Amino acid sequence: MRVTASATTPVLPSRPAFAHNHVLSLSPLDIDPNLRVSFRYLRAYVSTNAPQSPSPDPFDVIATALSSALIHYYPLAGTLRRHNHRLELFCAHGQAVPLIRATVDCELASVDYLDNPDETFVEQLVPDPDENEGMNHPCILQVTLFECGGFTLGASIHHSVCDGLGATLFFNAVAELARGARTVSIKPVWDRASLLSPRNPPRIEAPIGDFLSLEHGNLPYSQEVGAVVRECFPVTDDQLERFKSILFKQSGSRFTAFEALGAYIWRAKVKASEIAGSEKVKFVYWTNIRKQLKPPLPAGYWGNGCVPIYVTVTAEELREQPIWETAKKIQKSKINISDEYVRSFMDFQEIHCGDGITAGKEVSAFTDWRYLGHSTVDFGWGGPVTVLPISRFLLGSVEPCFFLPHSSAISSVAGFKVSVALRKTAMPAFREEMKKFGRDDFGVIDLNSLL
């Protein structure tokens, strides 16, 4: 399988989007040091045309629609700059989004529609800018055409500009223009300086310091864990329901898939990594605060609209306590989600933006992509059959875990998959823990005693 990039086209807005060069401010959520990375992922699309029938070129369709969408989303063609320990976005005439055209000498079916792809291969389908290029071009896209007529759209988007929900608003705008709409149905809203401004004076009234600390000179994602590898593990609905049923019988509490399976995987990762018992380990996940704020953010707000929630225990506690207790801690952490928590988090970022904010070492990030609307992005070929994150840097963790739907092109199994990044030395032991889960050996209690 050989991927060949043939050309990079700078795509400008189809008409001038503004009168004068200017600088756009970012919100306190945008300037979180953990977001100073480019987030990379792809969508895979199958050809819907009959054999031998003419088909529009996906690259041309997307390039034209992207040009129209940039009238509304022109900041994605801007340049991020550092200013007083913060980032700002400089917007000038002539700026463009690089769009790469590539081809590959295979069909999507031959790689199982990228449901669980070879890591070396899939890396070639998504732009991979270094830090400076990611700042100069916050959005870089790549259309890769497969021999079957299908294609992938790989994206690298700087996380300081928007989160996954904001990026989906952008891609949906491009998609509806590609399908023939005259304008976008949801008008994007920037206005970050007023909608998510710090308080005056800023104040911290939620326990943000319980999980974030300050280390001057600290660089996010600089943890030394050695080589990191990624692997996908299938989880059936039946397995998950049996596991949740056991936890309910033990604890009297009902847990979501994210809480129950997250607790199992977190413990399995820490066990496999042989982390010292006294070491603090953290489970972190995003929570969407767009509707939690008072007043809520407008529907078209496409900046970062999530804050991290942390659960902290020692490695020994995590390995020794019943899994339901870990799941309960994750469940209870959601109580923190409030307008005050969000305001305090933003004020913490404002006060300490140059002080080396860090969540420390041994952070395990978890995120659930099954219901985020990624599959709604339809350029005229239907929604993507596969959506796959490639990034390994998330919420201060270099070993993130994603809950993902199976590719709709191949899966008839009721369930999903988890993509786990983990230090290479620990992956064999972690794989054994997931095999145990697959055969209902959950390590929580003897199943027969519950029958």
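## Helix H1

At the start of H1, the backbone nitrogen of Phe 59 lies within 2.8 Å of a side-chain oxygen of Asp 57. This is a predicted model. H1 covers residues 58–69, and its 12 residues should span 16 Å at 1.5 Å a residue; the C-alpha atoms at its ends are 16 Å apart, which agrees.

The buried residues of H1 are Pro 58, Phe 59, Ile 62, Ala 63, Ala 65, Leu 66, Ser 67 and Ala 69.

## Nonpolar cores

The largest nonpolar core has 144 residues, and Phe 171, Val 418 and Phe 430 have the most contacts inside it. Helix H7 (residues 257–273) supplies the largest share of this core, 11 residues.

Beyond its neighbours within four places in sequence, Val 418 is in contact with Glu 231, Cys 232, Phe 233, Val 235, Leu 261, Ile 265, Cys 401, Phe 402, Phe 403 and Met 434.

## Cysteines

The structure holds zero disulfides. For Cys 106, the closest cysteine sulfur is that of Cys 148, at 7.9 Å, which is too far for a bond because a disulfide needs sulfur atoms within 2.5 Å. Cys 106 is buried, with a relative accessible area of 7%.

Cys 232, one of the contacts of Val 418, is in no disulfide either; the nearest cysteine sulfur belongs to Cys 401 and is 9.5 Å away. Cys 232 is buried, at a relative accessible area of 14%.

Key. Residues are numbered from 1 along each chain as its sequence is written. This is a predicted model: local features need pLDDT of at least 70, side-chain atom pairs count only at pLDDT 80 or more; totals for chains, interfaces and linings use all residues. Side-chain values use heavy atoms; hydrogens and water are left out. A nonpolar core is a set of buried Ala, Val, Leu, Ile, Met, Phe, Trp, Tyr and Cys residues joined through side-chain atoms within 4.5 Å. Buried means under 20% relative accessible area, exposed over 50%, partly exposed in between (1.4 Å probe, protein chains only). Helices (H or I, at least four residues) and strands (E, at least two) are DSSP runs, numbered from the N terminus. Contact means heavy atoms within 4.5 Å. The expected span of a helix is 1.5 Å times one less than its number of residues. A polar contact is a pair of N or O atoms within 3.5 Å; within protein, one must be able to donate a hydrogen and the other to accept it, and residues adjacent in sequence count only if both atoms are side-chain atoms.
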